[in-house]
Amino acid sequence: MPSQEQDTIAHLLKVEEEAAELIREAQEQSDKEISDAKAKAQKEYAELYETMASQMEADFNEKSQGVEQNHKTQIQEYKSQIEKTPKDAQAFDALLEKIF
């Protein structure tokens, strides 16, 4: 016959096994929640990154077109100004004869 001490020890071992099982289950649940949270965070990050990147690209393209148009306008104004400048062929010819 088992003694009371053996019954107590057996009961304590059973309680310890149950506690270990609870800890294992809690760890598994914790790992699952962490994994799910990480996947969700990565998905949100990717979506936010894509949104920001496309917005920045659109801003860049818009500014780039503005700069390009401004450049074309300035070049055209410069060409127009040069074309309107009176030409003094006699003075140019005189300068060339003086240099050579």
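Analyst: Happy to! Along the principal axes, the C-alpha trace spans about 135 × 30 × 10 Å.

A word on the source: this is a predicted model, where local features need pLDDT of at least 70 and side-chain atom pairs count only at pLDDT 80 or more, while totals for chains, interfaces and linings use all residues. Residues are numbered from 1 along each chain as its sequence is written, and side-chain values use heavy atoms, leaving out hydrogens and water.

How many of the residues are buried? Of the 100 residues, 0% count as buried (buried is under 20% relative accessible area, exposed over 50%, partly exposed in between, with a 1.4 Å probe and protein chains only).

Now for your salt bridges. The structure holds four of them, each being a side-chain nitrogen of Lys or Arg within 4 Å of a carboxyl oxygen of Asp or Glu.

Take Arg24 and Glu21 to start: their closest N and O atoms are 2.3 Å apart. Both sit in helix α1 (residues 4-84), three residues apart, about one turn of the helix. Arg24 is partly exposed, at 38% relative accessible area, and Glu21 is partly exposed too, at 32%.

Asp36 pairs with Lys32, with 3.0 Å between the closest N and O atoms. These two also lie in helix α1, four residues apart, again about one turn. Asp36 has a relative accessible area of 41%, so it is partly exposed; Lys32, at 48%, counts as partly exposed as well.

Further along, Glu68 forms a salt bridge with Lys72, and here the closest N and O atoms are 3.6 Å apart. Because they are four residues apart in helix α1, about one helical turn separates Glu68 and Lys72. Glu68 is partly exposed at 45%, and Lys72 is partly exposed at 49%. Elsewhere, salt bridges that share partners join Glu21, Arg24 and Glu28 into one network.
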